[in-house]
There are 2 protein chains.
Amino acid sequence: MAAGTLTPLQQRVAREIIALARRENRPAGSHLPKIALAKAIGTSHNPVEAALAYLARRGVVRHLPDRGYFLARDARLIDDAARRVPHSGDERLYHRIVDARLEQRLPDETTASALLRRFGGTRATLQRVLTRIQQEGWIERKAGHGWAFLPLIDSVEAYEDSYELRRVLEPAAVLGRKFSPVTAELAALRAEQLFMAGGGHAHMTAGEWIDLNARFHEALARWSGNPFLLHTIRRMNQLRRLVEYRAVAGDPRLRARQSSEHLEILDAVERDDRTRAALLLQRHLEGARRDKVQPAHFRRGRP
Amino acid sequence: MAAGTLTPLQQRVAREIIALARRENRPAGSHLPKIALAKAIGTSHNPVEAALAYLARRGVVRHLPDRGYFLARDARLIDDAARRVPHSGDERLYHRIVDARLEQRLPDETTASALLRRFGGTRATLQRVLTRIQQEGWIERKAGHGWAFLPLIDSVEAYEDSYELRRVLEPAAVLGRKFSPVTAELAALRAEQLFMAGGGHAHMTAGEWIDLNARFHEALARWSGNPFLLHTIRRMNQLRRLVEYRAVAGDPRLRARQSSEHLEILDAVERDDRTRAALLLQRHLEGARRDKVQPAHFRRGRP
DNA sequence: TATTGCATATTTATCAAATAATATGCAATC
DNA sequence: GATTGCATATTATTTGATAAATATGCAATA
C-alpha cells in the first residue's frame, strides 16, 4: 500500500480509536496501548499499529519510541479536520448508492453492470458494497441476474413502520424473561448520557450523537439475552443511521431531552423496576417518533 | 453445461415448478406455460425452459412439440424419487456446514481457508455460502480476517428465544394499523390448510409441511404492510427451517391440529376480527413452542 | 391471441498466479 | 510485568481474458 494511504481495515481502526478516546473523554497524554485497542476493536495488533502511525502523521497522537502512542490533546478537543480519516473506495461507493437511492434517482430493479456503468469502480468493490447493502436489508438478489431494492427508511411511511417495530420490540426486550443488565456497560452508558445531558453535546458531531443513541438502544437489546432480538434492533439502527445522519442531525433541546429520558430509563433498569423501564421506553420511542417523523425531513414522500 | 446437468438456478426453478404444481394440486395433463412460471418464480423464460426439459427427461412432465410441457401425472402423486432434483455444490456445502454446526463440530471462530481445508470446494463457492449464512444471521465477519459463528436455533435456549420474538411480533402484525389481508392469498392459504387438515398430509413431505407453515406465518407478516416486520419474520422462518427439518418433521396429530388452528386464525382475519386473530395466534405460537421445544429434539443442549 | 422455440444481446461466473494484508509470536525495552 | 517493534506465517484480494448463463425479443404455431 502506498505511503500515507491506509487499507480499509486500517481506516476503520483509526476511526474507532478516535471514537473510543472521545467516548471515554480521554485527556491529553493518555496512553493508547496497541493490544488493548486491538482487543477492543476486534482485530490483531498489526492494523492498530498502522492506524496509530497514520494518526501520528496527522498529529492526532504523538509517538515516543519504545513507549508507544499518546493522545496529543484532550480527545474531546480534537478538531473535526484533524480526525477526519479518508474513506475507502468501498465506503465512497456505498454512500453514493445510498444518496442516489434516498433521492430516488435509482430504479427499483437494476444489475451490477448497470451500477458499474453509472458509478464506476471495480466489480469486486461493487460486489462487496452490494453484499453489505443486502446484509443491511435494503436490496436483494433477484432469482437469476440483477438486484431489487427494498424500501429503505426513507419516507414518513417507512419511518413509521420502523418505529412501530421498535415500540413492540424494545419494551419486550426489557420485560423478557432473561433480561439482565451488565453493570460495567450500564455505568459506561450512564457516563456518556450524563456527559451529553450536561452540555457535552457541544463537543459532539451529529454522527457521534446518533451512535450514542444507537448504543443505548442496542445495550437494552443485548441485555435481553435474546440474540434474535438484538440482531433485529441492530438492523433497525443501521438503517436509521443512514437516514437520520442526513435529516435530523440535532436540535440541541431535543438532544438534551433524549439524554435525560435515557438516563431515567437507565435508572429504572438499575433498580430493576422493569415495568417502569418498559413504560418509559415506550413513551420515549413514541416521543422520538413524533419529533423525527416530520415530512420536512424527507426530500420526497413515497406513496 | 454438460448434458443432463443443470445450473444452480435451473435446479432451483425445477424444484419450484414441482412445488408449485403440488401446492395447487394440479391434475395430470395440466399445462405448464413457461412465461407464467417464469413470472411466478421471478426469473426469465430461459432457465424455466431448461428446467422443464430436464423434468421431461426425468418423466415428471411430457413435452408436446409447439404446445409445451404438461404434467405427466397428478402433482400430488409424483413419487419422491422422480421429483428429487440434484443440489448444486453451493447447496451441498451449505448443508454440510449447517450439519457440522448443529452437531457442534465447528469452532465458534474460523477462517475461510480453514473451512476450505475441511470441506473442500472452491473459494468462490465458500464465499457465496458464507454470504448466505451471514444473510441468515448466524455468522459474521470478524474485523480483519475470519468469521465468527453466532448462536443458531440449535438449542432449547435459542429456540425459546426465537419463539419469544415471534410471540411478540406476529400478534403485533395482525393488530398493526395497516394490516390488510390480500383476498387471493387468503383463499390460497385456506385451500392449502384445508387440504392439509383433510388428510392431505399423507401426500406431503416434511419439507413441504414446513414450507406450508412458513407461508402461513409469512403471509400474516406481509399483510401487516410493514416491510421490516416481514423481513424479521422471514429470517426467523429461514432459521426454523434449518432446525425443524431435522428435528420435528411431523407427528400427524400435530400437523392436523396446527392446520385447524391456522384455519381458525384465517377465519378471524377474514371477518376482520383482529383482536381474536391476534389472540388465537398468540395461543397457537405458545402451543407450537410447547410441542416443539423438547430437549429430545436437540442433540445437545447449549448452556 | 396466447404460447412456444429459438436467436441475439447482456450479464455474470470462473480461473490461478501474483500481490497485499492480517494474525501471531517474541526478544528488546520501558 | 506489561508493552513495543519487528519478523514470520497465514490468509485474503486482485486481475482480466475466457466461458457460461440469463434476459429478452419475435416469427412461427396451435
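Okay, let's start in strand S2 of chain A: Gly68(A) there is the bridge partner of Leu64(A). This is a predicted model, by the way, so keep that in mind as we go.

Stay with that pair of strands for a moment. In S2(A) you'll also find Leu71(A), which is the bridge partner of Val61(A). Put together, S1, residues 61-64 of chain A, and S2, residues 68-71 of chain A, pair in the antiparallel sense over four bridges. For anyone new to this, strands of a sheet pair through backbone hydrogen bonds, and they can do so either parallel or antiparallel.

So what sits between S1(A) and S2(A)? Three residues, and the whole thing forms a hairpin. Click on Asp66(A) in the turn: its phi is positive, about 60 degrees.

Now hop over to chain B. Strand S1, residues 61-64 of chain B, is joined by four bridges to strand S2, residues 68-71 of chain B, and these two run antiparallel. If you look for Arg62(B), you'll see Phe70(B) of S2(B) standing opposite. The hairpin of S1(B) and S2(B) has three residues between the strands, and Asp66(B) takes a positive phi there, near 60 degrees.

Next, the three-stranded sheets. In chain A, three strands make an open sheet, and the order is S3-S5-S4, with antiparallel pairing. Which strands stand at the edges? Those are S3 (109-110) and S4 (139-141) of chain A; each has a single partner strand, so one side of each is left without a neighbour in the sheet. S4(A) pairs with S5, residues 147-149 of chain A, over three bridges in the antiparallel sense. A spot to look at is Glu140(A), with Ala148(A) of S5(A) opposite.

In chain B, the open sheet of three strands also reads S3-S5-S4, and the pairing is antiparallel. Its edge strands are S3 (109-110) and S4 (139-141) of chain B, each pairing on one side only. Three bridges join S4(B) to S5, residues 147-149 of chain B, and those run antiparallel. There, Arg141(B) has Trp147(B) in S5(B) as its bridge partner.

How do you get chain B onto chain A? Rotate by 180 degrees, with 0.0 Å of shift along the axis, and the two superpose with an RMSD of 0.1 Å. That's the relation of a two-fold axis. If you want to find the axis from chain B, go to Gln135(B): its C-alpha is the nearest one in that chain, 2.8 Å away.

And where do they touch? On chain B, 36 residues are in contact with 36 residues of chain A. Of the interface residues of chain B, 100% are interface residues in chain A too, so the copies meet through the same surface.

Between chain B and chain A the count is eight salt bridges. There are also 11 residue pairs in polar contact between the two chains, both residues at pLDDT 80 or more.

Which elements of chain B give two or more residues to the side that touches chain A? They're helices H1 (8-23), H6 (123-136), H7 (156-175) and H10 (227-247) of chain B. H7(B) gives the most, with 10 residues. And if you sort that side of chain B by class, you get 15 nonpolar, 13 polar and eight charged residues.

Conventions:
Residues are numbered from 1 along each chain as its sequence is written. Chains are lettered from A and ligands numbered from 1 in the order in which they are written. This is a predicted model: local features need pLDDT of at least 70, side-chain atom pairs count only at pLDDT 80 or more; totals for chains, interfaces and linings use all residues. Side-chain values use heavy atoms; hydrogens and water are left out. Contact means heavy atoms within 4.5 Å. A salt bridge is a side-chain nitrogen of Lys or Arg within 4 Å of a carboxyl oxygen of Asp or Glu. A polar contact is a pair of N or O atoms within 3.5 Å; within protein, one must be able to donate a hydrogen and the other to accept it, and residues adjacent in sequence count only if both atoms are side-chain atoms. Ala, Val, Leu, Ile, Met, Phe, Trp, Tyr, Cys and Pro count as nonpolar, Asp, Glu, Lys and Arg as charged, and the others, Gly among them, as polar. Two strands pair if DSSP finds at least two bridges between them. Copies are superposed by least squares on the C-alpha atoms of residues with pLDDT of at least 70 in both.
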